Amino acid sequence: MPPNYVRTDQKLGKLLRKTFFNRSVHEVAPDLIGTTLLVDGVGGIIVEVEAYHHTEPAAHSYRGPTARNAVMFGPAGFAYVYRSYGIHWCVNFVCEKAGSASAVLIRALEPTHGIAAMRRRRHLHDERSLCSGPGKLTEALGITHAHNGLALDAPPIALYARSAKPEVVAGVRIGLTKAVDLPWRYGLKGSKFLSKPFAEEIVAQRS
DNA sequence: CTCTTGATCTTCT
DNA sequence: GAAGATCAAGAGC
């Protein structure tokens, strides 16, 4: 049994299997809010995601397969990791049947496991900033190109079901210049660990 | 608090 | 040659 994989932490639910992802990306994306993602035992609760589908121009798969996006065109339940702006890594979970080329970008986590390791990797102390963005959370969890194509239900990756259905809010996706009006960003309502607040929650923001 | 900019890899024009 | 599913630091208010 690999170290850090099976844990006795009572907060963790059942491991999600690949079949969880074998349905519409628009069902999977909000259902990921509240699940727990760990890589080698380090990670936290997913609080923000975005859905991408090959039929809209903001998706990497829109113009067909390339060396970079090949994993997106494969079966559901695998990690698609790409280089962002030449510097960062971003991780997606591939959904739907092979060839659909749809995926969910993981944008923010609430840190719960291995916080000391995350602080070392991020050179930061503030918990709210450890995983509050797609490039931040990959650095905190140690995700790189080496994780591209890995299964989501086998070490070093583990994804745990949520215990209760959370309140999920939606909005437009962040940082795009194409398909900017599609409301395919989902977040945990009221979370302090988002990359940016949702419009519905502006009144809830504090100092 | 907001706005601007540099860093620097992959893909596309 | 330009743009991009980003981030952090610095300037200005």
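**Cavity and pockets of the predicted model**

**View 1. Lining of the second largest pocket.** This lining divides into seven nonpolar, six polar and two charged residues (Ala, Val, Leu, Ile, Met, Phe, Trp, Tyr, Cys and Pro count as nonpolar, Asp, Glu, Lys and Arg as charged, and the others, Gly among them, as polar). The second largest pocket holds about 290 Å³ of space. Of its 15 lining residues, K11, G34, T36, I45 and S163 are the closest to its centre. The model is predicted: local features need pLDDT of at least 70 and side-chain atom pairs pLDDT 80 or more, whereas totals for chains, interfaces and linings use all residues. Residues are numbered from 1 along each chain as its sequence is written, chains are lettered from A and ligands numbered from 1 in the order written, and side-chain values use heavy atoms, without hydrogens and water.

**View 2. The largest pocket.** Its space amounts to about 780 Å³. H60, Y82, Y85, G175 and L176 are the closest to the centre among the 34 lining residues. A pocket is an open set of points on a 1 Å grid over the protein atoms alone, with protein on both sides within 12 Å along at least five of seven lines; lining residues have an atom within 4 Å of a point. Strand 3 contributes the most to this lining, with four residues (strands are DSSP runs of E, at least two residues, numbered from the N terminus).

**View 3. The largest cavity.** About 40 Å³ of space lies here, the volume being that filled by probe spheres set on grid points joined across faces, edges and corners. In a cavity, a 1.4 Å probe fits but cannot get out.
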